[in-house]
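Good morning, and thank you for making time for this. I would ask you to keep the model open on your screens while I speak.

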Amino acid sequence: MTETTYPEVPVLVVGGGSVGLLTAALLAHHGVPPVLVERRSGPSVHPRATGIGSRSVEILRELGLDTAVDAAAVDLRGAAGKAVARTVVEMGAGDVVTVPMPAPSADEVETTPFRLRGVCAQDRLDAVVAADLARRGADLRWSTRLVGIAQDADGVDVELEGPDGRYSLRCARVVAADGAHSAVRSALGIGSSGAGDLGKSMINILFRADLRSHLRGMSFGTCTITTPEAPGLLVTVDGETNWVFHVTCAADKGERPEDFTHERCAAVVRAAVGDPHLDVEVRSVLPWRPRSSLADRFAVGRVFLVGDAAHTVAPLGAFGLNTGVADAHNLAWKLAAVHKGEAGAGLLDTYAQEREPVAAATLDQAMRRIADPQLHWGRGPEADAARMAAGVWAAPVVHLGQRYDSAAIIDPRPELPSTVDLAVALDGSPGSRVPHARVDGVSTLDLVASRWTLLVGTAGDQWLAAAADVGLPAHRVSASWLSDNGALLVRPDAIVAMRVTAPAPEPARFLADALDQVLARPVAVPSRPRLLPETSGTHGA
């Protein structure tokens, strides 16, 4: 008889970037103690993305981290979102073209009440999340890399190499958050598709220099520097002394990334600023190249890909990091439900079912913006018409409006009713993010609170009683997207799992059936009907 080796670790997260850290944080939040391994000695000091979208802010709020991340963000309210100037000195003197930081429309404010005051560089986000994980006593193993992985029907064996040498772990499941060149993805033999590398190779220069006297109160998210001596993109990290400057590595002229020494990078920064005597400290130099690719599979057996391991997104639109955060949010509660025995293992199949189409649509939207950045930045009727002609969705719809279609949704409605108006897209349909509404001053998003929740209409007394019978928290809501005697069953990730528009003969049994179905649980009574559109008769839009 074969001896069964039980997993030592419920979930191993490979990779300690933003998405890996947030995956670990979300698992811990749902009561699953993860182990995270990262080959670096700590969180990266080098910022990559700076734009944290509204959906990611909602997820940070769910973790109780939105206030800390907002404090780490640069306040850009009323500032320029982007600027164009010959040098920083000339920008501060007023010779600059600016595009205002996009202000949320009234409709956007009505759809999500949570947003940051400006941009937050990825290293600052990581520092907040890593500190919170440390406070929780999470098992974070820095300077540790994965050197082998194999799985069977009962678990995953990984070989790790850390400061004290090599050792093995037996894990129930593994989440690969190890970046665009994922070792886990390669070991699993998962290919990818898409455009691949885009444009020229770039050099990301992280530097410290006090630019306040040159800026003279000017603030911005990004500034395109046009001086022929050092053209590039200057990105705010703290708006005062910490910055990133992106320049092209001209491989066609024989340049190599290693040619960009700290001394050369300091000279490039001085030229871009327009001050030959500027005191510059180059902190880090990171070669990179824009890329667009999609893994052929987001899951193989007990191993799941998230973030750049699953998809790399062209940078325009700030969709890359936020898509990875949404991966983590979708997966973590499902892993927790299966680990605790609250769901069948089939629930985990819905991760790829839901995230692969959304990631593919997001990559498509990023690529459509590359040919003409005004399709992203433009405002007004003419820009709306140009976006419509180019098949470009409004950015808030990309971030917040996309829908899921899987076995974890009853009667999903995957087609978007609008790619322009977020309020129209968030209409309470199954598969969409639950609409924001105030209930006694509290957002419905806060009422969900990472758990299964029932929202009932104003005449939904029987649904309230049924929710109590099956142990679901329930709240009465008055909203156009919820009929007076209807109900919305909302998942822990704030996605609508089911909408009913009329009473059911046995509402408690109806809810129990719905939970069994979406959680892939074995049905206790073989004759119990499944809540499919053709048999239920009580749910739908």
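First, the conventions. This is a predicted model, in which local features need pLDDT of at least 70, side-chain atom pairs count only at pLDDT 80 or more, and totals for chains, interfaces and linings use all residues. Residues are numbered from 1 along each chain as its sequence is written, and side-chain values use heavy atoms, with hydrogens and water left out. Helices (H or I, at least four residues) and strands (E, at least two) are DSSP runs numbered from the N terminus; two strands pair if DSSP finds at least two bridges between them.

Let me begin with the sheet. It is open and mixed in its pairing, with seven strands in the order β5-β4-β13-β14-β15-β12-β16. The edges are held by β5 (97–100) and β16 (281–288), each of which has a single partner strand, so one side of each is left without a neighbour in the sheet. From one strand to the next, the twist averages 20 degrees; here, axes are lines fitted to C-alpha atoms, for helices over the stretch in contact, and angles run from 0 to 180 degrees between N-to-C directions. Within the sheet, β14 (residues 232–236) and β15 (residues 242–248) run antiparallel and are joined by four bridges. Leu233 stands opposite His246 in β15.

Helix α9 (residues 262–273) packs on this sheet and touches β12 (202–208), β13 (220–225), β15 and β16, where contact means heavy atoms within 4.5 Å. The direction of α9 makes about 100 degrees with that of β16.

I turn now to the helix pair. How do the axes of α1 (residues 18–29) and α10 (residues 320–339) cross? They come within 9 Å and cross at roughly 25 degrees. The two helices are therefore roughly parallel to each other, given that angles under 35 degrees count as roughly parallel, over 145 as roughly antiparallel, 65 to 115 as roughly perpendicular and the rest as oblique.

Next, the hairpins. Strand β8 (residues 145–151) pairs with β9 (residues 156–162) in the antiparallel sense over six bridges, and a hairpin of four residues joins them. Strand β9 also pairs antiparallel with β10 (residues 165–176), over seven bridges, and this hairpin has two residues between its strands. Val156 of β9 is the bridge partner of Gln151 and stands opposite Cys171 in β10.

Most residues other than glycine have a negative phi. Ser450, in the loop between α16 (444–448) and β23 (453–456), has a positive phi of about 65 degrees. At 14% relative accessibility, Ser450 counts as buried. Ala494, in the loop between β25 (487–490) and β26 (496–500), has a positive phi near 70 degrees. Ala494 is also buried, with a relative accessible area of 5%.

How values were computed: Buried < 20%, exposed > 50% of the residue type's maximum accessible area, 1.4 Å probe, protein only.
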